[in-house]
Amino acid sequence: MTNAQSIEKHEWKERVLLIMEKESESSNTEKQIDLLLDNANGLKERQLVTYVISEKQAQKLDRANGKLVKTTNSDHLFYRYNKGNADFKVILIGLDGTVKNKYLEPVSTKKLFTIIDGMPMRKAEIKKGN
């Protein structure tokens, strides 16, 4: 079941990007996924896992083939992270499990990577050669 634990299982291992959408397969969601897949190597390098969450379903983005893989019940995550009830929202969650940034429109990988690369833990990864 997709719930708080599914996000928390990533703590200290992977960063998480949540794409929240009121309506499944919105044009903003498609645009966001396209932006991400244009730099799949950058996602992998930064250990960034992406979920698309709507009221009715949760899907994980498979970076390797660009497909969304359905998970299970998502309403808990949708209401937990979409408190403002936005039609579309992108949420960046750091390795420590805290929300680092929120966007109400598709965000470029350049902007995301700049934020991630400025985080202390990412700087340490870069220094170690990861």
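How many salt bridges does the count come to? The count comes to eight, where a salt bridge is a side-chain nitrogen of Lys or Arg within 4 Å of a carboxyl oxygen of Asp or Glu.

The model is predicted: local features need pLDDT of at least 70 and side-chain atom pairs count only at pLDDT 80 or more, while totals for chains, interfaces and linings use all residues. Residues are numbered from 1 along each chain as its sequence is written, and side-chain values use heavy atoms, with hydrogens and water left out.

**Salt bridges**

| Pair | Closest N and O atoms |
|---|---|
| Arginine 80 and glutamate 8 | 3.8 Å |
| Lysine 22 and aspartate 87 | 3.9 Å |
| Aspartate 117 and arginine 122 | 3.1 Å |

Salt bridges with shared partners join Arg15, Glu45, Arg46, Asp117, Arg122 and Glu125 into one network. Within it, arginine 122 is buried at 1% relative accessibility, whereas aspartate 117 is partly exposed at 23%. Here buried means under 20% relative accessible area, exposed over 50%, and partly exposed in between, with a 1.4 Å probe and protein chains only.

Arginine 80 belongs to helix α4 (residues 75-81) and glutamate 8 to helix α1 (residues 4-8), so their pair ties together parts that are 72 residues apart in sequence. Helices (H or I, at least four residues) and strands (E, at least two) are DSSP runs, numbered from the N terminus. Lysine 22, in the loop between β1 and α2, and aspartate 87, in the loop between α4 and β5, tie together parts that are 65 residues apart in sequence. Aspartate 87 is exposed, at 54%, and lysine 22 is partly exposed, at 31%.

Strand β2 (residues 48-53) is largely enclosed by the rest of the structure, because six of its six residues are buried. Leu48, Thr50 and Val52 lie on one side, and Val49, Tyr51 and Ile53 on the other. Strands pair if DSSP finds at least two bridges between them. Six bridges join β2 to the parallel strand β1 (residues 15-21), with arginine 15 opposite leucine 48. Three bridges join β2 to the antiparallel strand β3 (residues 58-62), and a hairpin of four residues links these two strands.

**Nonpolar cores**

A nonpolar core is a set of buried Ala, Val, Leu, Ile, Met, Phe, Trp, Tyr and Cys residues joined through side-chain atoms within 4.5 Å. The largest has 17 residues, and Leu36 and Leu48 are among those touching the most other members. Elements giving it two or more residues include β1, β2 and α5 (109-117). Another core, of 13 residues, lies apart from it and includes Val16 and Val49.
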